[in-house]
Structures are given as structure tokens and as C-alpha cells.
Amino acid sequence: MEFVVLFVLLALLGLLGWGVYRVKRRRASGSAAPEAGVDPYRPTAHSTLDDSAYRVSYAPPEFEWSGTVTGALPVKILTYKQYECLEDARYGFKIVGLPPTERKQPQPYKTRAHGLKTVASLEKHGFLAKDPEGGFVITDLGLNALEVCSVRY
């Protein structure tokens with residue numbers, strides 16, 4: 001009987017010690033956080049860099065939206081496949097529409113294959129335009145859609 005009581009007391013003491021350790025560890029990691037209202041990605045007053053040094057665009061400049069398209073877009077929500085296709089086109093890839101059996105085949109350099117329906121829909125809405133080489137490239141309207149349309153997953 002004494003052995004069981006001693007074992008239970010040691011177990012409780014161990015659990016209490018583990019709980020104290022976790023609380024102290026959590027407090028130590030929480031104190032390293034920046035003060036409220038301070039943006040860690042924005043330069044401070046003593047920094048010599050201006051704000052423009054932190055604006056990063058992964059798309060080449062010729063594939064950025066010029067801001068000249070106004071008015072309502074023909075669609076408000078892009079499907080994930082449409083969004084993925086427009087992103088590929090934005091980064092300079094030529095888009096081709098292929099059936100599912102051929103989509104996994106190797107494509108020429110700087111070419112990405114997407115579904116026939118996806119490409120046809122994006123072309124119908126004016127987001128993609130035919131390329132003289134047989135593929136599709138993104139239009140200014142398509143770049144605008146990437147900026148303002150939501151995506152349905």
C-alpha cells in the first residue's frame with residue numbers, strides 16, 4: 001500500500017514539474033516577439049533602405065498588369081485550375097490546352113499544358129489570347145483578374 005501511494009505521489013510530482021517546465025518555456029519563447037504595432041518586414045527609422053526595396057514581384061515586368069483595364073470583369077471567381085493556368089501564363093509560360101491523357105507528356109521549353117475546358121474558358125473571357133506559335137498568352141484582362149478575382153478551391 002505504501003508503495004502505491006509513493007508511486008502516485010512521484011507521478012503527480014513529475015507531472016507538476018513537467019507543467020512548470022512547459023509554462024516557462026512558452027513564456028520564454030513569447031517574450032522574443034516584436035512589440036505590438038511594429039511590422040518586422042518594414043524598415044525602421046534608422047534603416048537606410050526605403051520602402052521600395054521591400055516590394056518583390058516574381059513576375060517579369062512585361063507580365064505585370066498595367067492597370068489600364070477598367071470596368072467589371074466577366075467572372076468574379078476563378079476556379080483553382082483557372083488560377084493556376086493564369087499564374088503559369090503570368091510567369092511567362094506559353095499555355096496549351098490538351099486532353100488529360102496528353103497533359104503529362106513533356107512539353108517544349110517554356111510551355112505548360114492545362115485542360116482543354118480551362119483554356120477555352122479563359123480564352124472566352126478574354127484572359128488568354130492566341131499566340132502566333134499555337135499556344136496562348138495572358139492578356140492585360142487576365143493579369144487584372146489575377147489581382148482582383150477570388151479563387152474557389
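## Basis of the description

Two residues are in contact when heavy atoms of each lie within 4.5 Å. The structure is a predicted model, in which local features need pLDDT of at least 70 and side-chain atom pairs count only at pLDDT 80 or more, while totals for chains, interfaces and linings use all residues. Residues are numbered from 1 along each chain as its sequence is written, and side-chain values use heavy atoms, with hydrogens and water left out.

Leaving aside neighbours within four places in sequence, Leu128 is in contact with Cys85, Leu86, Ala89, Ile95, Val119, Leu122, Glu123, Phe136, Val137, Ile138 and Thr139.

## Helix 4 and its buried side

The buried residues of helix 4 are Thr118, Val119, Ser121 and Leu122, where buried means under 20% relative accessible area, exposed over 50% and partly exposed in between, with a 1.4 Å probe and protein chains only. Because these residues cover an arc of only 160° around the axis, they lie on the same side of helix 4, the arc being that of the directions from the helix axis to the C-beta atoms. They pack against helix 2, strand 2 (94–98), strand 3, strand 4 (128–130) and strand 5, whereas the face turned away from the buried side carries the exposed residues Lys117 and Lys124. Just after helix 4, Gly126 takes a positive phi of about 85°.

Thr118 belongs to helix 4 (residues 116–124) and counts as buried because its relative accessibility is 12%. Not counting residues up to four places away in sequence, Thr118 touches Lys81, Gln82 and Cys85; of these, Gln82 and Cys85 are listed among the buried residues of helix 2 (residues 80–90).

## Lining of the largest pocket

Thr118 also lines the largest pocket, together with Lys81, Glu84, Pro99, Pro100, Arg103, Ala113, His114, Gly115, Leu116 and Lys117. Helix 2, helix 3 (100–103), strand 3 (111–115) and helix 4 each give two or more residues to this lining. A pocket is, on a 1 Å grid over the protein atoms alone, an open set of points where a 1.4 Å probe fits, with protein on both sides within 12 Å along at least five of seven lines, and lining residues have an atom within 4 Å of a point.

Definitions and conventions. Helices (H or I, at least four residues) and strands (E, at least two) are DSSP runs, numbered from the N terminus.
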